[in-house]
Amino acid sequence: MYFVSSNEHKFKEIKKLLSEFSSTPLRLEHKKLKLLEIQSSSLSEVAKAKANHAFDLIRNEVLVEDDGLFIESLNNFPGVYSSYVYDTIGNIGILDLLKNKKSRKATFKSLIAYYDGKNLKTFDGQVDGFISEQMFEGGWGFDPIFIPEDMDRAFAQMDLKLKNKYSHRKLALKEFYSWYIKNNVAERK
Ligand code: IMP
């Protein structure tokens, strides 16, 4: 199976997670490709479109992921536009937008989609938390400004093992993995 994404960090985290779920982990390889991101108000629709595009390119079973950071006091912005917002105003821009806001509550969501040309399935996971007051060193993407609930540090300050314990990605991947094993999709290949 191929994990199709231009993001090496996601693949690294997913590989590690799969090795923790089972002693015989799925064989997952990384196809580093940039997929079409359709404009939609739903992460699930974006993930499904990515899965279709990935399958068209690879013609093999594929796994893709679409994420979003939803900030409560900004009416859930940037949400599905997270990637664009990260590339434009970045973490500093987000901290600026939150300067005079009372609430810093935010939720990170992951949508993982699997497609083998017949079954198109999506799996979601989310982690509630807060946007930090300052940017922390390390990590990638929004890691420097996202603190999971009940934690004393941002994703950026965690090693891979700890981040994987709390991440939105872990929950979505776990759902996918359980479905995949339960339905013996692996054996039918
Ligand atoms: P994408 O569209 O799925 O690539 O993700 C939307 C944005 O969220 C991108 O800017 C990613 O860098 C960022 N992102 C996704 N997952 C994470 C994460 O686990 N940590 C930090 N940033 C993330």
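**A walk around the ligand**

Let's start where the ligand is: β3 (62–71), α3 (82–88) and α6 (168–182) each give at least two residues to the shell around it. Here helices (H or I, at least four residues) and strands (E, at least two) are DSSP runs, numbered from the N terminus. This is a predicted model, in which local features need pLDDT of at least 70, side-chain atom pairs count only at pLDDT 80 or more, and totals for chains, interfaces and linings use all residues. Residues are numbered from 1 along each chain as its sequence is written, and side-chain values use heavy atoms, with hydrogens and water left out.

Which residues come nearest to the ligand? Of the 17 around it, they are Lys10, Asp67, Asp143, Lys163 and Arg169, where being near means having a heavy atom within 4 Å.

Now look at some polar contacts (pairs of N or O atoms within 3.5 Å). A polar side-chain atom of lysine 10 is 2.7 Å from a ligand oxygen atom, and one of lysine 163 lies 2.8 Å from an oxygen atom of the ligand. Phenylalanine 142 takes part through its backbone: a polar atom there is 2.9 Å from a nitrogen atom of the ligand.

Finally, step back to the whole protein. Its secondary structure comes to seven helices and seven strands, and along the sequence they follow the pattern β-α-β-α-β-β-α-α-β-β-β-α-α-α. The C-alpha atoms fill a box of roughly 55 × 35 × 25 Å, taken along the principal axes.

Notes. A polar contact is a pair of N or O atoms within 3.5 Å; within protein, one must be able to donate a hydrogen and the other to accept it, and residues adjacent in sequence count only if both atoms are side-chain atoms.
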